[in-house]
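Hi everyone, thanks for making the time today. I'd like to walk you through one structure, and please have it open while I talk.

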Amino acid sequence: MRRKDRGEAYGGLPGTSNRNLIAQVSVSCDDGTMPSRRRISARISAISESATLAVDAKAKAMKAAGRPVIGFGAGEPDFPTPGYIVEAAVEAARDPRFHKYTPAGGLPELKQAIAAKTRRDSGYSAEPSQVLVTNGGKQAVYEAFATLLDPGDEVLVVAPYWTTYPEAIKLAGGTQVDVVTDESTGYLASVEQLEAARTERTKALLFVSPSNPTGAVHTREQTVEIGRWASEHGLWVITDEIYEHLVYGGAEFTSIATAVPELGDRVVILNGVAKTYAMTGWRVGWLIGPPDVVKAATNLQSHATSNVSNVSQMAALAAVSGDLSAVAEMRTAFDRRRQTMVRMLNDIPGVLCPEPKGAFYAYPSVKALVGKELRGRRPGTSAELAELILEEAEVAVVPGEAFGTPGYFRLSYALGDDDLVEGVSRLGKLLAEAR
């Protein structure tokens, strides 16, 4: 057997040396220099920075510089993680078992607890083998799309949408198809709208209720109707249930996976401890799905990150195994703040804010204010208006451009009552000057 030529051995053309190969594939510029190559890949260059985190970071930087900024940007409970969860983490940190690698898909005891918690809270039954523990909810979102989508597959996404969904779909090679809603329907999409957007390339529907950024919550009847429509057309349903316990008034959370059993093994549930247990910084989420999907996603995670921090996993185990008294306390406070914020926003001329039924966001329309003169400027977009508000009123809001619907703001009411009132008061005082 002849020895391979050096060029062939390293992936070159047979009978060439590496130097000759380089000469063959390189094209000189007119001035004789080598052409420059892209430093950052096109795939990663296409990703946008998280708008919500960018707004929050700018607000914090201004605050650190001594300016009294009030931030409505980040979706993060202002409550501390409950003490019993912290103690579980401290105990785990002292246990040598958790100083080592553990299974990439999650600690067996945590997967068992997540399956039990899901049965308790939504009535959906899954085996521990159908659970993948991820580094926060964002990794669960990414891995769900990466596992299910091939290039050209379409995903129906109701707009306004959370900023991470488009980037995850794009990275997976999928195509996002927006189903745009507005305040006239409470930001809820109908089956008729979904059907109008469906094509032969549609593979999945992203279903989010309660919604970030709008706080919209589908009724059980609406959820069943949408789920049955998806089932009839053989679509996958990816359902993000991270805000399942944050619903208010007469609203009720309904898991589409439970309400529409005919979806069978074409449903993937995304969830995590961040919102329910005030654990945003602990970075524990999960994905529940059919065994083949979970196995494939686990393979991906085994190469991307391996196991989630063991200390955080044990904290999450304490959280999901405990009762829901901590979230009940938060929900009471959020409900009070929700009502205050909506009332104050609707008192501002040019602002229209439907009442959110879940999560901890308000999503008012400011379309009537775009283009008006304010402090010597005439902002032509809600993004420009948000920038003006940050500079002039020292209030940080996220513009609707970040969520696929210009002409709106997202304000989180997961902050202290006094700051909320002060921030919306500043907003109202400034916007009252618009002419």
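**Loops, backbone and a buried glutamate**

Let me begin with Arg-375, which sits in the loop between β9 (361–362) and α15 (382–393). Before going further, please keep in mind that this is a predicted model. Arg-375 is not a glycine, yet its phi is positive, at about 55°. Is Arg-375 buried or partly exposed? Its relative accessible area is 40%, so Arg-375 counts as partly exposed.

There is another residue of this kind. Tyr-187, also not a glycine, has a positive phi near 65°. You will find Tyr-187 in the loop between β4 (175–180) and α9 (191–197). Here the relative accessible area is 6%, so Tyr-187 is buried.

Staying with the backbone, let's turn to the cis peptide bonds. One runs from Ala-159 to Pro-160, with omega near 5°. Pro-160 belongs to the loop between β3 (154–159) and α8 (164–171). Another cis bond joins Ser-209 and Pro-210, and there omega is about 0°. Pro-210 has its place in the loop between β5 (202–208) and α10 (220–232).

Glu-244 touches Pro-210, along with Lys-117, Asp-121, Phe-253 and Asn-271, leaving aside residues up to four places away in sequence. Glu-244 itself lies in the loop between β6 (236–240) and α11 (256–259). Why do we call Glu-244 buried? Because its relative accessible area is 5%, and the cut-off for buried is under 20%. Which side chain does the side chain of Glu-244 meet in a polar contact? That partner is the side chain of Asn-271, at 3.0 Å.

Now let's zoom out to the whole chain. It has 16 helices and 12 strands. The C-alpha trace spans about 85 × 60 × 50 Å along its principal axes. For 435 residues, a compact globule would have a radius of gyration near 22 Å, and the chain's 24 Å agrees with that. Among contacts with a separation of 6 or more, 72% come from residues 24 or more positions apart.

A few words on surface and charge. Of the 435 residues, 52% count as buried. The accessible surface of the chain is about 19,800 Å², and carbon and sulfur atoms hold 52% of that. As for charges, there are 46 positive and 52 negative side chains, and the centres of these two sets are 6 Å apart.

That's my tour, and I'm happy to take questions.

How values were computed. Residues numbered from 1 in each chain as written. Predicted model: local features only at pLDDT ≥ 70, side-chain atom pairs only at ≥ 80, totals over all residues. Heavy atoms only, no water. Helix = DSSP H or I, 4+ residues; strand = E, 2+ residues; numbered from the N terminus. Buried < 20%, exposed > 50% of the residue type's maximum accessible area, 1.4 Å probe, protein only. Polar contact = N/O pair within 3.5 Å; in protein donor to acceptor, adjacent residues only side chain to side chain. Contact = heavy atoms within 4.5 Å. Rg over C-alpha atoms; globule rule 2.2 N^0.38 Å. Areas by Shrake-Rupley, 256 points an atom, 1.4 Å probe, with all protein chains shown as cover. Lys, Arg positive; Asp, Glu negative; His and termini not counted. Charge placed at Lys NZ, Arg CZ, Asp CG, Glu CD.
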